Amino acid sequence: MPSSSSSFLNPHISSMNPPVRLMASCTTPCSLRTRFALRFLKTLVKIKRSSPPPPSSSSNSSPEKTRRRTQRIKRAAYSSMARAVGRRRAWSQALMLKLKFSVKRTNQHPSLSPTKMGGPQKAPRKAGGRILVIKRKNSLVKGSPWRGCSGVDELRRLVPGGESMGLGVLLEETAHFVRCLETQVSVMRSIADCFPC
Amino acid sequence: MSSRRSHSRQSGSSRITEDQIADLVSKLQRLIPELRNRHSDKVSASKVLQETCNYIRSLHKEVDDLSERLSELLASLETDSDQAAIIRSLLM
């Protein structure tokens with residue numbers, strides 16, 4: 001899997017200003033960072049177009065609208081990253097499923113905790129809602145020191161699809177998941193830095 | 001990295017050894033900023049897992065904050081500004 005260290009590819013990247021840096025980091029067409037950044041930016045443009053700020057008001061939108069837009073952006077970030085990774089990883093598959101179901105959930109299962117907004121569900125947070133309950137395969141022998149380790153259970157909740165993974169797979173998926181989250185944060189920050197505030 | 005672990009599925013009986021687990025845990029430890037500098041023998045596996053969970057949560061929080069920031073920026077963005085031109089050129 002190609003690593004996504006833009007500073008490695010372009011040593012002068014730290015001396016560039018943010019917009020150029022963002023573009024310079026996209027020199028490798030197939031890098032995960034680039035694929036994520038492009039998807040995310042396209043979705044941002046879509047979000048921007050569908051919620052145009054009213055020209056006359058001083059505060060551009062109600063807090064409600066801002067919150068909704070924030071949720072859409074957050075959801076777009078996770079969705080873009082999961083799609084950029086694709087089906088190569090168990091966590092990205094699980095995340096894409098979770099996001100897909102979390103949109104339909106508002107229509108089909110009103111009995112499940114409805115959001116106050118009634119719009120698309122929030123982007124999956126750490127624990128998220130478990131849509132599919134899969135029996136966990138305990139791949140380790142009895143008496144293993146990992147058996148009662150609560151850190152593992154918590155990690156299973158944090159990593160998408162972690163509930164049904166064996167420990168070895170879980171640790172691998174976690175490593176990849178963490179790297180991708182870092183990339184996601186880095187790209188989002190670069191985009192935000194493009195705009196002087 | 002480690003060719004010991006093949007990429008075949010972990011279905012059914014998976015005889016993953018403690019060594020392989022320790023290997024994966026140390027790989028994870030190198031990713032976590034807090035634990036990166038410490039020697040691996042001084043950091044217990046449960047500490048690595050704990051710090052990993054904390055790190056993931058902090059990354060989620062950063063995503064939240066950045067989403068909010070981007071939301072405000074999108075609201076205030078003029079359609080014909082330089083920034084919009086940069087974004088557009090990126091997407092071409």
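1. Ground rules. Because this is a prediction, local features need pLDDT of at least 70 and side-chain atom pairs count only at pLDDT 80 or more, whereas totals for chains, interfaces and linings use all residues. Residues are numbered from 1 along each chain as its sequence is written, chains are lettered from A and ligands numbered from 1 in the order in which they are written, and side-chain values use heavy atoms, with hydrogens and water left out.

2. Overall scores. The model comes with ipTM 0.75 and pTM 0.70. For chain B the mean is 77, and 67% of residues reach 70 or more.

3. Where to be careful. Helices here are DSSP runs of H or I, at least four residues, numbered from the N terminus. In chain B, the lowest mean, 67, belongs to helix H3 (residues 82-91), and the highest, 91, to helix H2 (residues 45-76).

4. H6(A) against H2(B). This one joins the two chains: helix H6 (residues 150-158) of chain A packs on H2(B) at about 25 degrees, with the axes 9 Å apart. Axes are lines fitted to C-alpha atoms, for helices over the stretch in contact, and angles run from 0 to 180 degrees between N-to-C directions. The two helices are therefore roughly parallel (under 35 degrees; over 145 is roughly antiparallel, 65 to 115 roughly perpendicular, the rest oblique). The crossing is left-handed, that is, the near helix is turned anticlockwise from the far one by less than a right angle, clockwise being right-handed. H6(A) brings Gly151(A), Val152(A), Glu154(A), Leu155(A) and Leu158(A), and H2(B) brings Leu49(B), Thr52(B), Cys53(B), Ile56(B) and Arg57(B). That contact has six nonpolar, two polar and two charged residues (nonpolar: Ala, Val, Leu, Ile, Met, Phe, Trp, Tyr, Cys and Pro; charged: Asp, Glu, Lys and Arg; polar: the others, Gly among them).

5. H6(A) against H7(A). The axes of H6(A) and H7(A) come within 11 Å and cross at roughly 55 degrees, so the two are oblique. H6(A) passes H7(A) in a left-handed crossing. Residues in the contact include Val152(A), Leu155(A) and Leu158(A) from H6(A), and Leu170(A) and Phe177(A) from H7(A). The tally is seven nonpolar, one polar and one charged.

6. H4(A) against H7(A). Helix H4 (residues 63-85) and helix H7 (residues 167-194) of chain A have axes that come within 11 Å and cross at roughly 125 degrees, which makes this pair oblique. Here the crossing is right-handed. Among the contact residues are Tyr78(A) and Met81(A) of H4(A) and His176(A) and Met188(A) of H7(A). Seven are nonpolar, three polar and none charged.

7. Aromatics. Over all chains there are two aromatic pairs. In the pair Phe36(A) and Phe40(A), ring centres are 5.5 Å apart and planes at 10 degrees, so it is stacked. (Rings of Phe, Tyr and Trp, its six-membered ring, pair with centres within 6.5 Å; planes under 30 degrees apart are stacked, over 60 edge-to-face, the rest tilted.) Both residues sit in helix H3 (residues 32-50) of chain A, four residues apart, about one turn of the helix.

Technical notes: Contact = heavy atoms within 4.5 Å. pLDDT = per-residue confidence, 0-100.
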